[in-house]
Amino acid sequence: MSNEPHEPSDPDGVHVDRVTAWFEQHAQGVEPPLTFDLVAGGRSNMTYKVTDAADHAWVLRRPPLGHVLATAHDMGREHRIISALGPTDVPVPPVVGLCTDESVNDAPFYVMEFVDGLVIRNRAEADVLTVAARAAASQSIVEVMARIHAVDTDAVGLGDLGRKEAYIERQLKRWHSQFEASAVADLELIHDLHARLSTDIPTQQVAAIVHGDYRLDNCMVDTSGQVIAVLDWEICTLGDPLADVGLLMVYWSEQGDAFAPLMDSATSTEGFWSRQQMLDRYAEVSSLDLRRIDYYVAFGYWKLACILAGVYTRWAGGAMGSAGEGASRDIEGFKGQVRLLAEASASALDKSR
């Protein structure tokens, strides 16, 4: 074997030399060499923690490798949203810059300051917080959501981020089309729910920023439970803010739930508020009428079912790696999950009358 030194290969998704040169031009006080550690990847945008020789830290976000849905992985859009929210009372990471020159890293990317906090994904990670801190996190999560919905979109330069009206109608069309193209499109309950949801859409009370995937593990908290950064703005748009509230209720599991969309959900740990407490607090700090919230919960379950069907279809087709012979076996398991979500949607929709 040769004992000659060799340069380490670039991590997947990062051309170290070219990206380092970009940092030297845009990140104040950077001291190369830089190390890039993948924090999250896959079908969502890829996230790296970047550290320099002086232990300064940043976060770099880029689209997934081989991405095809450009609108779902728009770096400029994410950068624009976070930059616009920086001066508001919505906690977001400070932005360093955006690179749209694909000769640097094959795809656009943006860089934020690193925020040192906790992302609570499961019950074990919830144990890091005291029972009192879990209650504080519940309150902070719902109050920050209300702050997002209260942002004056025109005043912060986001008034043209998307169409403000008919949000639920557009979402129903979008996700139903994805489901119809999926490998589990023969699940009639999804189609039936689409028809029911389409005929009883509540009047949209206001037009606001809709995060689109607001939940505990898409926020970073400190040890006291306070939200210090809201993350993952990749599907944010303008529309009906109660869609965020409904989806948060879908993800906010409680002890004793027969079915939970997130396995090992942190919010079922002692100290976290109940769903009703979350709704009560949102009603206190916002101006919105929650009497039809069960409709939005039903929509949230249905949307999640459609998304899961699409994820399975891409996986089975090899877009997310080699599915192998297990694809045909696993379709029944995926169908089961989609069916459980659809049944939860139907149950919530029955309550919304």
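This is a predicted model: local features need pLDDT of at least 70, side-chain atom pairs count only at pLDDT 80 or more; totals for chains, interfaces and linings use all residues.
Residues are numbered from 1 along each chain as its sequence is written, and local features need pLDDT of at least 70, whereas side-chain atom pairs count only at pLDDT 80 or more. Side-chain values use heavy atoms, with hydrogens and water left out.

**Exercise 1.** Determine where the cis peptide bond from Pro32 to Pro33 falls.

Solution. Begin with omega, which is near 10° for this bond. Then place Pro33, which is found in the loop between helix 1 (16-26) and strand 1 (35-40), where helices (H or I, at least four residues) and strands (E, at least two) are DSSP runs numbered from the N terminus.

**Exercise 2.** Classify the ring pair of Phe23 and Trp58 and say which elements it ties together.

Solution. The count of aromatic pairs, which need ring centres within 6.5 Å (Phe, Tyr and the six-membered ring of Trp), comes to 7. The centres of Phe23 and Trp58 lie 5.6 Å apart and their planes stand at 70°, so the pair is edge-to-face, a class for planes over 60 degrees apart, with those under 30 stacked and the rest tilted. Because Phe23 lies in helix 1 and Trp58 in strand 3 (residues 57-62), the pair ties together parts that are 35 residues apart in sequence. Finally, Phe23 and Trp58 are both buried, that is, under 20% relative accessible area, against over 50% for exposed and in between for partly exposed (1.4 Å probe, protein chains only).
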